[in-house]
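Here's a friendly walk through a protein model, for someone meeting it for the first time. Take a look at the sequence and the 3D view, then read on.

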Amino acid sequence: MRKEILLFLNHLKNLVVVVDDNIVLEVNKDVLLLEWNIYSKNEQLPKELWDKDNEAEYYDLKLALRDSLENDIKELFAYFPTKIDINLPFIVHGTFELNSSRNDINDSPKNRYILKELVALIISTAKELTKEEVSYKAIEMLAYTTKNTILDSLGFYDAIDEAISDLKV
């Protein structure tokens, strides 16, 4: 179990995992946040993507990154890690629709929309990180070395490439 799941669980401050009366993991969110910077976006989905016409739905996206942009956690999170490798220099959390095993993202209009909003969050975070000083962090944040086939089929990498081509450099 990764301690970083605590970054995305909104109402938990401490996590203690006990196995056979032994504490195997103990994490405090405040201590964890000393290591990670969180950038987030929480907005209402367009009405045409709601499951019920009269009940507004929201999505939540978070990027967790270190100042150094070093990250060995490559799985996409939907509160907990999935089996989707995203391979970016930060941890990504999103409230995606998942399959029944909670390991893969479903191909749905809602997920396609949320992935486009994820790209927008990555771009705005990259701009925020470089507005005070000249830095290559923005380029590092947008650089992917390999493509995940599921994310590729949902248009994630096309959205990144399109956003890069639209940026003023």
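Predicted model: local features only at pLDDT ≥ 70, side-chain atom pairs only at ≥ 80, totals over all residues.

Numbering starts from 1 along each chain as its sequence is written, and side-chain values use heavy atoms, leaving out hydrogens and water.

## The cores

Let's begin inside. A nonpolar core here is a set of buried Ala, Val, Leu, Ile, Met, Phe, Trp, Tyr and Cys residues joined through side-chain atoms within 4.5 Å. Buried means under 20% relative accessible area, exposed means over 50%, and partly exposed is in between (1.4 Å probe, protein chains only). As a bit of background, nonpolar side chains tend to be buried together in soluble globular proteins.

The largest nonpolar core has 37 residues, and Leu63, Leu118, Ile122 and Phe156 have the most contacts inside it. At least two residues of this core come from each of β4 (58-65), β5 (75-78), α2 (109-130), α3 (137-142) and α5 (156-166). Helices (H or I, at least four residues) and strands (E, at least two) are DSSP runs, numbered from the N terminus. With eight residues, α2 supplies the largest share of this core.

What does Ile122 touch, leaving aside residues up to four places away in sequence? Its partners are Leu63, Leu88, Phe90, Met141, Leu142 and Phe156, where a contact means heavy atoms within 4.5 Å. There's also a second, separate core of 15 residues, with Ile5, Leu7, Leu25 and Val27 among them.

## Helix α2

Now for α2 itself. This helix has 22 residues and reaches 32 Å from its first C-alpha to its last, close to the 32 Å expected at 1.5 Å a residue. That expected span is 1.5 Å times one less than the number of residues. The buried residues of α2 include Ile114, Leu115, Leu118, Ile122 and Ala126, and also Lys110, Asn111 and Glu117. Covering the buried residues of α2 are elements that include β3, β4, β7 (91-94), α3, α4 (149-153) and α5.

## Salt bridges

How many salt bridges does the structure hold? There are nine, a salt bridge being a side-chain nitrogen of Lys or Arg within 4 Å of a carboxyl oxygen of Asp or Glu.

| Pair | N to O distance |
|---|---|
| Arg2 and Glu75 | 3.4 Å |
| Lys110 and Asp51 | 3.3 Å |
| Asp107 and Arg112 | 3.1 Å |

Arg2 sits in the segment before β1 (14-19) and Glu75 in strand β5, so this pair ties together parts that are 73 residues apart in sequence. Arg2 is partly exposed, at 29% relative accessible area.

As for the remaining pair in the table, Asp107 is exposed, with 54% relative accessible area, and Arg112 is partly exposed, with 32%.

## A few single residues

Asn37 is in strand β3 (residues 37-44) and is partly exposed, with a relative accessible area of 27%. Not counting residues up to four places away in sequence, Asn37 touches Leu63, Ala64, Leu65, Arg66 and Asp67. The side chains of Asn37 and Asp67 are joined by a polar contact of 2.8 Å. A polar contact is a pair of N or O atoms within 3.5 Å; within protein, one must be able to donate a hydrogen and the other to accept it, and residues adjacent in sequence count only if both atoms are side-chain atoms.

Most residues other than glycine have a negative phi. Asp20, though not a glycine, has a positive phi of about 50°, and Leu69, also not a glycine, has a positive phi of about 60°. Asp20 lies in the loop between β1 and β2 (22-28) and is exposed at 70% relative accessible area. Leu69 is in the loop between β4 and β5 and counts as buried, at 6% relative accessibility.
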